[in-house]
Amino acid sequence: MANQENKIVMITWKDAAYTFEGEFPDHLPEIQTAVGFVIEDTPEFIKIANNAYIEPSGKVLPIDGFLIPKKTVLKVQEL
């Protein structure tokens with residue numbers, strides 16, 4: 001089982017649109033949702049691991065995940 005500080009959450013956020021091809025997108029991206037273990041939570045961002053290895057001690061070692069700016073977050077739900 002993961003340590004208590006590594007809560008599992010579902011984060012809903014709205015990201016920016018961007019381009020690498022010289023033409024701007026016509027609309028914003030769809031609302032995004034990610035589920036994972038909270039690795040770090042600061043006033044500026046929340047870092048979650050979608051895929052992690054959990055040591056027998058309960059320590060969560062992230063394999064991959066997201067660093068989501070707090071200003072883009074619409075909702076954080078503990079699971």
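At 36% relative accessibility, Lys7 counts as partly exposed, a class that lies between buried (under 20% relative accessible area) and exposed (over 50%), as computed with a 1.4 Å probe on protein chains only. The model is a predicted one, in which local features need pLDDT of at least 70 and side-chain atom pairs count only at pLDDT 80 or more, while totals for chains, interfaces and linings use all residues. Residues are numbered from 1 along each chain as its sequence is written, and side-chain values use heavy atoms, with hydrogens and water left out.

Three salt bridges are present in the structure, each defined by a side-chain nitrogen of Lys or Arg within 4 Å of a carboxyl oxygen of Asp or Glu. One of them joins Lys7 to Glu78, with the closest N and O atoms 3.6 Å apart; this pair links distant parts of the chain, since Lys7 is in the segment before β1 and Glu78 in strand β5 (residues 73-78), 71 residues apart. Strands here are DSSP runs of E of at least two residues, numbered from the N terminus. Glu78 is exposed, at a relative accessible area of 53%.

A salt bridge is also formed between Lys47 and Glu40, whose closest N and O atoms are 3.3 Å apart; Lys47 is partly exposed at 28%, and Glu40 is partly exposed at 33%. In the salt bridge of Asp41 and Lys70, the N to O distance is 2.6 Å. Asp41 lies in strand β2 and Lys70 in the loop between β4 (60-69) and β5, so this pair ties together parts that are 29 residues apart in sequence. Asp41 has a relative accessible area of 49% and is partly exposed, as is Lys70 at 30%.

The largest nonpolar core comprises eight residues, namely Val9, Ile11, Trp13, Ala34, Val38, Ile46, Ile48 and Ile68. Such a core is a set of buried Ala, Val, Leu, Ile, Met, Phe, Trp, Tyr and Cys residues joined through side-chain atoms within 4.5 Å. At least two residues of this core are supplied by each of β1 (8-13), β2 (32-41) and β3 (45-54), and β1 gives the most, with three residues. Apart from neighbours within four places in sequence, Ala34 is in contact with Val9, Met10, Ile11, Trp13, Ile48, Asn50 and Phe66, contact being heavy atoms within 4.5 Å.

Definitions and conventions: Helix = DSSP H or I, 4+ residues; strand = E, 2+ residues; numbered from the N terminus.
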